[in-house]
Amino acid sequence: MEKLRYTRVKDKNGEIHLAAFEKEDKVFFLDELFPELKGKSLIDFVHMVNGDPQKAAQMICAADGLVHRIEEQEMLTPIERPVHDILCVGVNYTDHLEETKEHLAGAVSDEVSGTVYFAKRTNRILGANEEIQGRFDIDEKVDYETELAVIIGKEGKGITEEKAEEYVFGYSVFNDLSSRDLQTRHGQWLMGKSLDNYTIMGPVIVDRTELPMPLELDIKSYVNGELRQNSNTKYLIKKIPGLIAELSKGITLEAGDIIATGTPAGVGMGFTPPRFLKKGDKVTCEIDRIGQLTNYIV
């Protein structure tokens, strides 16, 4: 048992558990294996293993606990309440940079001199199959953005690119739901990105040993089954080691921090005319070897 996936689940009795699974048909409850995790967050488990997926796998194997069937569990978001705001990277694919300049007037300078970073406030991260309460009363231009999320495994500052992978616990699928009018109205992106329940992640965290760098993963989105975004993480302008190194120069990264690495072209605002989300839409974000994150707009 070396490569595991992690999430939170609700069992048939309505109890929520931290979960790890090696195969799709069986799952271990971490809070059964390690009673000190009862009522805790997956971030507490990451702290316990010091961000080391191999140590995590060894501990789970040694614990030799009960095995549960995955189909009997309701999958929840892996991390419901992050330790800090999400660290987001804007316009980190060339094609999305161009569509942003064209369709989101004033949001990006014609000459971007460095990586665009912004914070996404969230009081709760939604998971797969949860309904998204669209705030069309505040902004009708609700948009989707499929992104690769990086979950930091241990505290670090001044991390070099060469050491960056050691500070990654794993990866997940992230939907950076965005309100486009708000995004430009306030001169920065916080309001347009931070409405309640506009942060979605899941269905699992895949540990870093399963996806060694450099990452070349197909990244896609679908709206009502129609392919909208279709790219690969190899086209990231600033790669993950560079993001971790640059952010950690002056910011201490902590276990459980989430970095949303940017989205490729094909978001709703990039079409002519724009194709924003509406009530009843089914949105699916997909990244190869991690999974699909599907939600409905209500």
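What volume does the largest pocket have?

View 1. The largest pocket has a volume of about 150 Å³, a volume being the space filled by probe spheres set on grid points that are joined across faces, edges and corners. A pocket is here an open set of points on a 1 Å grid over the protein atoms alone, where a 1.4 Å probe fits, with protein on both sides within 12 Å along at least five of seven lines, and lining residues have an atom within 4 Å of a point. This is a predicted model, in which local features need pLDDT of at least 70 and side-chain atom pairs count only at pLDDT 80 or more, while totals for chains, interfaces and linings use all residues. Residues are numbered from 1 along each chain as its sequence is written, and side-chain values use heavy atoms, with hydrogens and water left out. The pocket is lined by 13 residues, and Arg8, Ile16, Leu18, Lys40 and Ser41 are those that lie nearest its centre. Strand S2 (residues 16–23) supplies the largest share of this lining, 3 residues; strands (E, at least two residues) and helices (H or I, at least four) are DSSP runs, numbered from the N terminus. By class, the lining holds 6 charged, 4 nonpolar and 3 polar residues, where Asp, Glu, Lys and Arg count as charged, Ala, Val, Leu, Ile, Met, Phe, Trp, Tyr, Cys and Pro as nonpolar, and the others, Gly among them, as polar.

**View 2. Aromatic rings around Tyr6.** Rings of Phe, Tyr and Trp (its six-membered ring) pair if their centres lie within 6.5 Å, and planes under 30 degrees apart count as stacked, over 60 as edge-to-face and the rest as tilted. By this rule the count comes to 4 aromatic pairs. Tyr6 and Phe45 form a tilted pair, at 5.6 Å centre to centre and with 40° between the planes. Because Tyr6 lies in strand S1 (residues 5–10) and Phe45 in helix H2 (residues 42–48), this pair ties together parts that are 39 residues apart in sequence. The rings of Tyr6 and Phe169 have centres 5.3 Å apart and planes at 50°, so this pair is tilted. Phe169 lies in strand S10 (residues 168–176) and Tyr6 in strand S1, so the pair ties together parts that are 163 residues apart in sequence. Both Tyr6 and Phe169 are buried, that is, under 20% relative accessible area with a 1.4 Å probe and protein chains only, whereas exposed means over 50% and partly exposed in between. Tyr6, Phe34, Phe45 and Phe169 form one aromatic cluster.

**View 3. Ser248 in helix H7.** Ser248 is placed in helix H7 (residues 240–248) and counts as buried because its relative accessibility is 0%. Its side chain reaches the backbone nitrogen of Ile159 at 3.0 Å. Leaving aside neighbours within four places in sequence, Ser248 is in contact (heavy atoms within 4.5 Å) with Gly156, Lys157, Gly158, Ile159 and Leu253.

View 4. Gly202 and Pro203 are joined by a cis peptide bond with omega of about -5°, and Pro203 lies in strand S12 (residues 199–207). A cis peptide bond also joins Met213 and Pro214, with omega of about 0°, and Pro214 lies in the loop between S12 and strand S13 (218–223). Asn50, a residue other than glycine, has a positive phi near 55°; Asn50 is found in the loop between H2 and helix H3 (53–63).

Definitions and conventions:
A polar contact is a pair of N or O atoms within 3.5 Å; within protein, one must be able to donate a hydrogen and the other to accept it, and residues adjacent in sequence count only if both atoms are side-chain atoms.
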